[in-house]
Amino acid sequence: MNAQELMDTARTLVADDKGLLAMDESTPTCNKRFAGLGIPQTEKARHAWRELVVTTPGLGECISGVILYDETIRRQMQEGTPFAGAIADAGIIPGIKVDTGANDMAAHPGEKITEGLDGLRDRLAEYFHLGARFAKWRAVITVGDGLPSRACAEANAQSLARFAALCQEAGLVPVVEPEVLMDGRHTLKRCAEVTEEVLRTVFNHLYTQRVLLEGMILKPNMVLPGLTCPRQETVDEVADATVRCLMRAVPAAIGGIAFLSGGQSAELASARLQAMHVRFKSRLPWALSFSFARAIQQPAMEIWQGEEVNVPAAQRALYHRAMCNRAARRGEYISTMERM
Ligand code: 13P
């Protein structure tokens, strides 16, 4: 492991107020998003969408790293350049999702354990060869009656830590994603308790597995009320609860923090990130960035509709979301930008 290279990559991923674009939807997830918009669920359509995203003019002004799915990193664009090469040529670092998905956890109804450790060392070496310089693993934690269980938090945290250690051995910066889901009626306070507990558990395991904190990125959820909770806190209340939770549970040494969007609207995700920067300014010990999938891609996908003629307008929408999130990191995002 070259510690300096890992630290440099991690720092570059959160530098200059840029953020990450997660376009690593598995085939079933990508098909689900397409189905919702009446776009054909074909390999050809997935390829066209991903090519549209990575060829968006100016993307590298706001995006430092792109997370790909296995299907994409092995493919070439229409004119023959491999996806990873085209991304690198645009000044963006290619990354790869390496977990193989969340499956039902034995003896724990309603809970999931993320898998993919078997053979991971070899897969990471191959992804490095294909051009990836960082990798992502997502664990999902469900909030509910008596959930999450201790077993679910511990097992997922251990897998995240083993993934992170293997990544660093292979020269890839791990993006450690323990996602506390928004689904449910739980309150913001409950989300804060669960998120803090999960993050403490994750960092205990990262320490046990000897993960270099400076050479990793944390990808957490924001602290939010459940989607169907009757009380929905304001943008400022969410910003305060989120930063308070992270301050308590996340070591200052890590390379950076990049939020997932988790099903929030694109505009709310930007507004909440903005509020964190405005309200906490220089008190943040880590770079506070974004690693959104839906909150960057969804508006553009709605415009695209699978039609070639809509590509330029969809790319403008994608660039716009990336630009709004970069502005949010600077504390310069204002709602009137949404009418531009
Ligand atoms: P969302 O921003 O849509 O939550 O996706 C982030 C991600 O990468 C999930 O693993």
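Trainee: Before we start, what should I know about the numbering and the cut-offs?
Mentor: Residues are numbered from 1 along each chain as its sequence is written, and side-chain values use heavy atoms, with hydrogens and water left out. As the model is predicted, local features need pLDDT of at least 70 and side-chain atom pairs count only at pLDDT 80 or more, while totals for chains, interfaces and linings use all residues.

Trainee: How many aromatic pairs turn up in the whole structure?
Mentor: The search finds four, where rings of Phe, Tyr and Trp (its six-membered ring) pair if their centres lie within 6.5 Å, and planes under 30 degrees apart count as stacked, over 60 as edge-to-face and the rest as tilted. One of them joins W49 and W304, whose ring centres are 5.2 Å apart with the planes at 40°, so this pair is tilted.

Trainee: Where in the chain do W49 and W304 sit?
Mentor: W49 belongs to helix α3 (residues 43-54) and W304 to helix α11 (residues 294-304), so the pair links distant parts of the chain, 255 residues apart. Helices (H or I, at least four residues) and strands (E, at least two) are DSSP runs, numbered from the N terminus.

Trainee: Buried or exposed, those two, W49 and W304?
Mentor: Both W49 and W304 are buried, which means under 20% relative accessible area, with exposed over 50% and partly exposed in between (1.4 Å probe, protein chains only). Ring pairs also join F34 to W49 and W304 in a cluster.

Trainee: What about F290 and F292?
Mentor: Their ring centres are 5.6 Å apart and the planes are at 35°, so F290 and F292 form a tilted pair, and both residues are buried. The C-alpha atoms of F292 and F259, 33 residues apart along the chain, are separated by 6.9 Å; F259 lies in strand β9 (residues 256-259) and, at 0% relative accessibility, is buried.

Trainee: Switching to helices, which residues of α11 and α12 meet?
Mentor: A295, I296, Q297, P299, A300, I303 and W304 in α11 are in contact (heavy atoms within 4.5 Å) with V311, A313, A314, A317, L318, R321 and N325 in α12.

Trainee: And at what angle do α11 and α12 pack?
Mentor: α11 and helix α12 (residues 311-329) pack at about 160°, with their axes 8 Å apart; axes are lines fitted to C-alpha atoms, for helices over the stretch in contact, and angles run from 0 to 180 degrees between N-to-C directions. That makes α11 roughly antiparallel to α12, given that angles under 35 degrees count as roughly parallel, over 145 as roughly antiparallel, 65 to 115 as roughly perpendicular and the rest as oblique.

Trainee: What angle do α7 and α8 make?
Mentor: Helix α7 (residues 150-169) and helix α8 (residues 188-208) pack at about 40°, with their axes 8 Å apart, and are therefore oblique to each other. Among the residues that meet there are A153, A157 and A161 in α7, and T201, V202 and H205 in α8.
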